[in-house]
Structures are given as structure tokens and as C-alpha cells.
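Thanks for coming. I will keep this short and stay with a few contacts.

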Amino acid sequence: MSRQLADASASAETTIETTLEAEKASLLKQPKAVWATALAAVFAFMGIGLVDPILPAIAKNLEASTSEVSLLFTSYFLVTAVAMLISGFVSSRIGGKKTLLIGLAIIVVFASLSGLSGSVEQLVGFRAGWGLGNALFVATALAVIVGVASGGTGTAIILYEAALGLGISLGPLLGALLGGWQWRAPFFGTAVLMAAAFIALLALLPKTAAPAKKSRLRDPLLALGHKGLRTTAASALFYNYGFFTILAFTPFILGMDAYGIGGVFFGWGVAVAVFSVFVAPVLQKRFGAVKVLTGTLGVLMLDLIGLGLAAGHSVTAVVVLVIVAGALLGINNTVYTELAMGVSDSPRPVASAGYNFVRWMGGALAPFAAAQLGEHFGPQVPFFAGAAAMVIAILIAFGGRSYLSSHEPHLV
């Protein structure tokens with residue numbers, strides 16, 4: 001009996017190792033269309049952190065307060081969240097390729113207009129238009145990559161998260177390099193990159209037919225009726241509150257120029273990319289989604305408390321904790337995305353739209369709330385509020401663990 005168990009265990013380990021090797025091999029062997037879409041996604045995600053290094057410069061040049069400048073994030077993510085609800089409706093009628101191209105074209109227009117802004121109100125409005133293009137592109141890009149990539153959904157999500165991490169890391173770097181010269185330059189630089197992505201997709205991405213079944217506007221909201229998806233989205237909302245507290249508020253307390261802020265958030269973005277692609281899958285296979293999620297959220301809570309204690313006292317500690325946070329955020333990004341794409345029985349584009357609608361609300365709320373808390377109660381309080389949000393995210397995930405566990409990969 002013991003010999004049979006040993007043989008079975010050895011066979012299972014061999015199967016797992018073979019599967020892992022196959023996934024690694026398939027990760028790099030992708031059609032050109034996948035790489036073109038992923039590259040365009042990198043450029044799109046660069047827009048998230050692009051403004052980080054130039055936030056103080058924007059506030060100075062446009063004579064705006066921290067709260068007013070924080071609305072650059074709020075308008076962007078609020079429109080992104082709401083527009084997620086129409087992304088599936090649009091793509092299911094005109095196809096993925098056309099939707100991607102429309103999204104890119106909108107970003108090119110509004111990124112260019114952002115660079116021409118004469119007031120913070122104009123800039124906030126143009127960032128809102130940018131958010132519309134971002135929603136159409138980002139929601140559709142994930143579905144297109146999943147549909148075209150070889151190696152299954154897991155491989156496609158890793159590629160998508162790699163694009164996310166790379167874009168988030170390069171965004172602050174581009175913002176610093178161009179913003180150190182002129183605060184308007186990063187916006188024009190983004191417009192050029194997105195125009196290049198438009199041409200690449202036009203040439204390399206084959207025509208994608210509209211699905212046989214058209215998505216209705218209410219489908220993403222109906223999808224949230226599934227408790228597993230609703231739990232994932234609700235937990236991600238509070239997680240994103242902490243995420244964007246770090247991204248949007250920290251530049252104001254570093255006391256650095258555009259190059260310094262860009263360098264800090266480039267390191268943060270690299271940590272996001274590396275841990276989302278290489279560490280998250282290993283941890284998830286070893287411990288399961290729920291344990292990884294709640295454990296990482298717990299450590300992120302401690303990191304945010306540390307940022308609160310360090311704010312206004314030690315710039316070095318803030319820099320270290322921001323980069324550590326990047327590693328934790330990278331792990332959670334991958335786990336949340338995999339859960340959202342597989343925990344319910346809704347079509348992936350519909351589930352993605354419903355999930356992103358809820359979670360980006362956290363990104364819309366956090367920058368303005370953090371700025372208000374910082375202005376009225378001191379720079380420590382926004383981070384403590386972010387830590388409290390992590391506690392809520394943990395409680396939600398733990399409360400719905402039975403639904404989330406059904407999606408967990410096999411333990412190694």
C-alpha cells in the first residue's frame with residue numbers, strides 16, 4: 001500500500017512539473033498578435049503612473065492644491081470604472097480589434113489635449129476622457145489576450161499582468177525623464193506611444209469577429225450576483241484604495257524633484273512586475289488563492305502602517321516601504337485577476353467588466369480622500385486609512401472564502 005502511495009505521489013509530482021514546464025515554454029511562444037496587444041497594454045498602463053513624478057510640478061504651474069491635483073486620478077478612474085460597464089456591450093457588437101483601436105484613438109486625443117491644458121480643471125476633464133479610452137482598451141485587451149494566447153487562461157493572465165507591471169514601472173520613468181524637462185511633455189509622449197500602438201495593432205492583430213451572443217449593458221451588474229465574483233470585486237475595491245493611496249499621495253511627501261519621484265516609482269513598478277509574473281503563480285500553487293490573498297493583504301496593511309509612521313519623519317523609510325508595497329501589490333494583482341476571470345460562470349469579458357467596475361471605484365476614491373485627509377489631519381493619516389481598508393479587504397475575502405476556494409489551483 002505504501003509503495004502504491006509513493007508511486008502515486010511521484011506520478012503526481014511528475015505531472016505537476018511537466019505542466020509547469022509546459023506553461024513556461026508556452027509563455028514565450030505566442031502569436032505576434034498577442035505580443036502586439038501586450039505591448040499596446042504596456043503603453044496604456046504607463047498612463048496610470050505617468051503623472052506621478054510631475055504631480056508637484058502640475059500643482060505649482062497650475063496653482064492648484066494637492067486635493068485639486070489628486071482629481072487627475074479620480075476623474076480618470078471614475079470614468080474608467082463606469083465605462084467598464086459598456087466595454088463588453090461595444091466589443092460584442094463591433095469586435096475586439098475595433099474596440100481596441102477606438103480606445104487607443106481616444107487616448108491619443110485626450111493625452112494630447114491634456115498636454116495643452118491651461119488650468120487644472122481642464123486637465124482633470126481631459127483625464128476623464130482619457131479614462132474612457134483606457135476602459136475600452138484595458139477591458140478588451142485582457143479578453144483578446146485570453147482568446148488569442150497559447151497555453152491557456154493562466155498563461156494569458158500572466159502575460160497581461162506582465163504588461164500591467166511593465167507599464168506601471170515605465171510610466172513614472174517616462175514621466176520623470178520628460179517631466180523633468182517640461183511638465184506637459186509626458187502627455188505628448190504618451191500620445192505618441194499610443195499612436196504607435198494603434199499602428200502596431202492595426203497591422204498585426206487579425207480581425208476579431210463579434211461574439212455570437214451580444215452582451216447587454218446590464219450583464220456586468222448581473223454577473224456580480226454571483227457571490228464569488230462579488231466577493232472578489234468588493235475585496236479588490238478596498239485593496240485598490242490602499243494601492244492608489246500609495247501611488248497618488250506618496251509623491252507629495254517625498255520632497256523630491258520629478259527625477260527622484262520617477263526613480264522611486266520605477267523601483268516600485270519593477271517590484272510589481274517581477275512579483276506578479278514570477279512570484280504570485282508559485283505562491284498560489286503552493287498555498288492557494290485565499291491564503292495568499294489574505295496573507296499578502298495583511299502584510300500590506302503593516303506596510304501602510306509603516307508608511308504612516310514614516311511619513312514626515314524618514315524619506316528613506318518611505319522609499320523602502322513603497323518598493324516593498326510594489327512587491328505585495330504585484331502578487332495581489334495576479335491573484336485578484338485570476339479569481340475574477342475564473343471564480344464565476346459568467347463569460348470572461350462580462351465578469352471582467354463587472355469586477356473592474358467595482359474595483360476601479362477604489363482607485364477613484366483613494367487619491368482625493370487621501371489628499372483631503374493629508375491636508376486636514378497630517379500626512380500620516382491617509383496611510384492609516386489605507387491600512388484600515390486592507391482590514392476590510394481581508395474580512396471580505398475571508399467571509400467569502402468558500403466561494404473563492406473553489407477556484408484555487410492544486411496545491412503543490
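I will take a helix pair, then a threonine, then a salt bridge.

This is a predicted model, so local features need pLDDT of at least 70 and side-chain atom pairs count only at pLDDT 80 or more, while totals for chains, interfaces and linings use all residues. Residues are numbered from 1 along each chain as its sequence is written, and side-chain values use heavy atoms, with hydrogens and water left out.

The helix pair comes now. Helix H4 covers residues 66-94 and helix H6 covers residues 120-148; helices here are DSSP runs of H or I, at least four residues, numbered from the N terminus. Their axes come within 6 Å and cross at roughly 35°; the axes are lines fitted to C-alpha atoms over the stretch in contact, with angles from 0 to 180 degrees between N-to-C directions. The crossing of H4 and H6 is right-handed, meaning the near helix is turned clockwise from the far one by less than a right angle.

Next, Thr99, in helix H5, residues 96-115. Is Thr99 buried or exposed? Thr99 is buried, at 1% relative accessibility; buried means under 20% relative accessible area, exposed over 50%, partly exposed in between, with a 1.4 Å probe and protein chains only. Beyond its neighbours within four places in sequence, Thr99 contacts Val90, Ser91, Ile94, Leu136 and Thr140 (contact is heavy atoms within 4.5 Å).

Last, the structure has one salt bridge, a side-chain nitrogen of Lys or Arg within 4 Å of a carboxyl oxygen of Asp or Glu. Asp219 and Arg216 form a salt bridge at 2.8 Å, N to O. Asp219 is buried at 12% relative accessible area, whereas Arg216 is partly exposed at 39%.

How values were computed. Helix = DSSP H or I, 4+ residues; strand = E, 2+ residues; numbered from the N terminus.
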